[in-house]
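Take a moment to look over the sequence and the fold together before reading on. The paragraphs below go from the inside of the protein to its surface.

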Amino acid sequence: YRGNGMFFSSGNLEVQKEAGVTIIDFETGSVLQLSGTAVVDYNPQQDYEGATRVMKLHIESIAYTANATNHRWKLLQYSPYNPRVISDDDSDKENLLNGHDDDKASAALTLAKIVQESSPLVKTFRFVADRNIAFLPGQYATFEFPNMIPGGQRSETRTWTLSETPNSLKGDNTLDISVKRIPGGLVTNWLHDHAQVGMEGIRLLGVDGDMAAVQVNAKTQQPTVPKNLLLLSAGIGITPNLATVRGIGAFELQKNTSITMIHVERSEQDVLSHAELLRRSKNYPNFRYHTHITSKENGRRLDKQRLSELLVDIMDLSQQEVYICGPPSFMTNM
């Protein structure tokens, strides 16, 4: 579960085994309370696809209270974040347990979250897949929109960089894309105007891409990162570099690399996740983050001369591994 603090509980259980779970029947107002001792299994079996740890509660007492609250709620749908549990009745259990999906590249998606970013032109869409998807920070995903886009083809296919990092080397079932509205953009503008949380029917066709600074060592199966990283981007081209910075944090690689990130944007408001990047630049031991705001530079674009000025502290550019993404003119000028 991304971002809801569940791992704080696992830390508490390392020093205090006593635990309780309260289960509310929202339709009847009744409450079931379970208490006992809990342990964290850090090497679970594959009964929970993609799980890297499982909390097990050994029940010692049970308390049931009927009509504990006068409030009533109606079930609208199950949370798309609920992980898939492989049961004995699952006809494809053996393939799922052994990772032998017939179609490993594709997955059904449910739109779980929409975030309006600081720029009015950019929204981030979080999809939940019906299984874990293996990908690296900075890679892109290809999406299919079958029979969904008015005025479009029967099946529209689009590719966007994943702007978030996976939570685990085993992959993740959440996929984030940060999409900028563009004039005449058929699918991008449809997403901005008509996409709703809970929407189904979109399919993931696959994940690919070489713009991934964070890699997995083939021998140790541990995450690695280059010693020196230079990340250059402009506009919505920030997404692969943003995912890279997030991935370095997620896999605790901050002390293994020195990062210089330079991003070009028209205004500070348009910089995607600007506050987050400022915070990470302060928290990471070796992270220099600089924005080139053209509205503050009298419209001057980031050219080679200005770039040289920003990189004056880097003594040996030949030792930098460089990742660059942005409009074609920006890529050419660099």
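How many residues does the largest nonpolar core have, and which have the most contacts inside it? In this predicted model, the largest nonpolar core has 25 residues, and Phe143 and Phe145 are those with the most contacts inside it. At least two residues of this core come from each of strand 4 (107-116), strand 5 (122-133), strand 6 (140-146), strand 8, helix 3 (186-194) and strand 9 (200-208), and strand 5, with 4 residues, gives the most. If neighbours within four places in sequence are left aside, Phe145 is in contact with a set of residues that includes Trp160, Val187, Trp190, Leu191 and Ile202. There is also a second, separate core of 23 residues, with Phe251, Met261, Val271 and Tyr323 among them. In soluble globular proteins, nonpolar side chains tend to be buried together.

Strand 7 (155-161), strand 8 (172-180), strand 13 (258-265) and helix 7 (328-333) are the elements that give two or more residues to the lining, which divides into 11 nonpolar, 12 polar and 4 charged residues.

For the protein as a whole, the secondary structure comes to 7 helices and 15 strands, and 42% of the 334 residues are buried. Among contacts with a separation of 6 or more, 67% join residues 24 or more positions apart. The accessible surface comes to about 19000 Å², and carbon and sulfur atoms account for 49% of that surface.

Notes: Residues numbered from 1 in each chain as written. Predicted model: local features only at pLDDT ≥ 70, side-chain atom pairs only at ≥ 80, totals over all residues. Heavy atoms only, no water. Nonpolar A, V, L, I, M, F, W, Y, C, P; charged D, E, K, R; others polar. Core = buried A, V, L, I, M, F, W, Y, C linked by side-chain atoms within 4.5 Å. Buried < 20%, exposed > 50% of the residue type's maximum accessible area, 1.4 Å probe, protein only. Contact = heavy atoms within 4.5 Å. Areas by Shrake-Rupley, 256 points an atom, 1.4 Å probe, with all protein chains shown as cover.
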